[in-house]
Amino acid sequence: MAEEKADRPVPKPSVYIDTSPFWEGAKNGKLVLQFCKDTKQFQHYPRPVSIFTGSRNIEWREVSGKGSVYAVTTIRVPGPGLDGRLPLVVATVRLDEGVRILGNILDADPSEVTIDRRVELAWDPLSGDVQYPAFKLV
Amino acid sequence: MTDKKKDIVIAGYSETAIDFKTGRSAYDLGGEALAKLLAATGIQKSAIDGLAVTTPLSECPNPFFAVYMTEALGITPTWLNYGGTGGCSATGGVARAASAIRDGHCEVVVVLSADAPSTSWRANYGAYRSEFQDPQGVQGPPATFGLLMSRYKHLYGLKQEALGKIAITQREHALHNDNAYSKFKTPITMADYEKSRVIADPLKLLDCVMFCDGANAFLVTSAKRAKELGLSKMVYPTAYAEVTNFNGTDSLAEITETGFSMIAPKVFKQSGLTAKDIKMFQPYDDFTVAVLMKFEDFGFCKRGQGSDFTLDTDLSFSGSLPLNTGGGQISAGQPGLASGGLNLAEAVRQMFGEGGSRQVKDPKNALVTGIGVIPYARNWGTSAAMILEA
């Protein structure tokens, strides 16, 4: 994008459960998600319990960040937090670890981002040293 | 044989006009709906001993809104229900009222939904959204529906002219509806639909609802009590089913598979009807694709054939499957979370024979649906369906 990007608002971590491992991971360029130790499955977004068993026997684990586009849209109308970002490509990415995550597809023409295209982790700078997980086409 | 229940009735309905930025509150709109309901049914307010209220976007910071509403209206209920399933709260309120009446908690219930989000939007969903959905720019339902539509299109194909036909048909119906938002009372053409601005690919502006202000109310009681009260017009809610967080423990569930696929067989079994028997379809219509997908889930056509079914079927009020005969929310305006009552009110109106210039010819039953809440990267949170029979 040619225009100078303004700093984006940085979300406050741990608003409703402790999500600090996600944010610590992001700082180090790692995508860290919740993993149910009993059923050996990832879940996202983070929850207070395993959505599979209801237990709190969950931990945070790094994922590869590799996956494919499951669904995709391009946001074309202005809204809060979208200044200078339109058109904004958003995809539901199916990670190879078997969990889905919403992410922007960076530096891609919307017409290139089609379902089943392979993607890998990329980082979207928010402000200062805070970056947010996103994806790019491979 | 079925276990069709005909002990409970909806014996009255009312609606305010739908308008944008009225400057009014949910209390004021709700009060108007109640006064109209009393006038339409001729019952005394003192006869009401149950109240089901829908959580409104405009008053949701007050956890005691339902109790405040009893005071505002001067009603002393022995059963009070506060519905938090958004667009499923009206049909869900009727179903919960039926259970409460059968359990003896109350006899005469008003199911009241009023909201004024275009005047005062006060919702804050909190939870995961600020950390896990807002940074990506997914702030409202349109982006999530763009994603859902992309997936449907990928699997089955999605014909633009089918979605356009739903929008145009409902707009035609809104022209007959005195309560519809005045700015929507202009016909639209396929060219208008095609030119309509893309919001979140492939979702267009004319696929979407617009938040307005409005209210609706229903009188629910036993068939026996209705007769004692001298009420003559009534319909029977013979089937109801709902599900929330469908496929909620499957991280990889196909998002084009919705809760309606689970509850449609239930309402058909309860009523003993099939899709072929349905005389009118009043589905919750936040977006045109939700209507198209419900044609499939309720078995009007097979999965993936929604576009062709839409194009091959006369969906006008005089057609073979009358669709949202008051214009639906898309063309009458969405009265916030009172939205589910809009589709329900139109069904009851038609079955009472009060459809005026848009009257359905043989209104002996209706299928009504609700949708509540748009979750993270799926379809919708709650799905509800009700069948009404004469």
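Biologist: How many helices and strands are there in chain B?

Modeller: Chain B has 13 helices and 11 strands. Keep in mind that this is a predicted model.

Biologist: Let's pick a helix. Is helix 6 of chain B mostly covered or uncovered?

Modeller: Mostly covered, with 12 of its 15 residues buried. Among them are L163(B), I166(B) and I168(B), but also K165(B), Q170(B) and R171(B).

Biologist: What covers those buried residues of helix 6?

Modeller: The cover includes helix 7 (190–195), helix 10 (288–297), helix 11 (306–312) and helix 12 (328–332) of chain B.

Biologist: How far apart are the end C-alpha atoms of helix 6 of chain B?

Modeller: They are 21 Å apart, and 15 residues at 1.5 Å a residue should span 21 Å, so the two agree.

Biologist: Now helix 1 of chain B. What do its buried residues pack against?

Modeller: They pack against strand 1 (8–15), helix 2 (65–73), strand 4 (108–115) and strand 7 (214–222) of chain B. The buried residues of helix 1 include Y27(B), L29(B), L34(B) and L37(B), along with the glycines G30(B) and G31(B). Helix 1 covers residues 26–41 and reaches 22 Å from its first C-alpha to its last, close to the 22 Å expected. Just after helix 1, G42(B) has a positive phi of about 75 degrees.

Biologist: Switching to sheets. In what order do the four strands of the open sheet in chain B run?

Modeller: The order is 8-11-10-9, with mixed pairing. Strand 8 (236–244) and strand 9 (281–282) are the edge strands, each pairing on one side only.

Biologist: How many bridges join strand 8 to strand 11 of chain B?

Modeller: Eight, and strand 8 and strand 11 run antiparallel. Within that pairing, Y240(B) stands opposite M386(B) of strand 11.

Biologist: Which strands does helix 3 of chain B lie across?

Modeller: Helix 3 (residues 89–102) lies across strand 8, strand 10 and strand 11, at about 115 degrees to strand 8. Helix 9 (residues 260–271) packs on the sheet too, touching strand 8, strand 10 and strand 11, and its direction makes about 160 degrees with that of strand 8.

Biologist: Over to the contact between the chains. How many residues does each chain put in?

Modeller: Chain A gives 40 residues and chain B gives 31. On the chain A side, the largest share is six residues, from strand 4 of chain A. By class, the chain A side has 24 nonpolar, 11 polar and five charged residues.

Biologist: Strand 5 of chain A, then: why call it largely enclosed?

Modeller: Because eight of its eight residues are buried. L88(A), V90(A), T92(A) and R94(A) point one way, while V89(A), A91(A), V93(A) and L95(A) point the other.

Biologist: How does strand 5 of chain A pair with strand 4?

Modeller: Antiparallel, over eight bridges. On the strand 6 side, six bridges join it, again antiparallel. T92(A) stands opposite A71(A), and T92(A) also stands opposite L102(A) in strand 6. Strand 5 and strand 6 of chain A form a hairpin with three residues between them, and G98(A) in the turn has a positive phi of about 90 degrees.

Definitions and conventions: Residues numbered from 1 in each chain as written. Chains lettered and ligands numbered in written order. Predicted model: local features only at pLDDT ≥ 70, side-chain atom pairs only at ≥ 80, totals over all residues. Contact = placed C-beta atoms within 7 Å. Helix = DSSP H or I, 4+ residues; strand = E, 2+ residues; numbered from the N terminus. Nonpolar A, V, L, I, M, F, W, Y, C, P; charged D, E, K, R; others polar. Expected span 1.5 Å × (residues − 1). Buried ≥ 20, exposed ≤ 12 C-beta atoms within 10 Å, placed from the backbone. Pairing = 2+ DSSP bridges. Axes fitted to C-alpha atoms, helices over the stretch in contact; angles between N-to-C directions.
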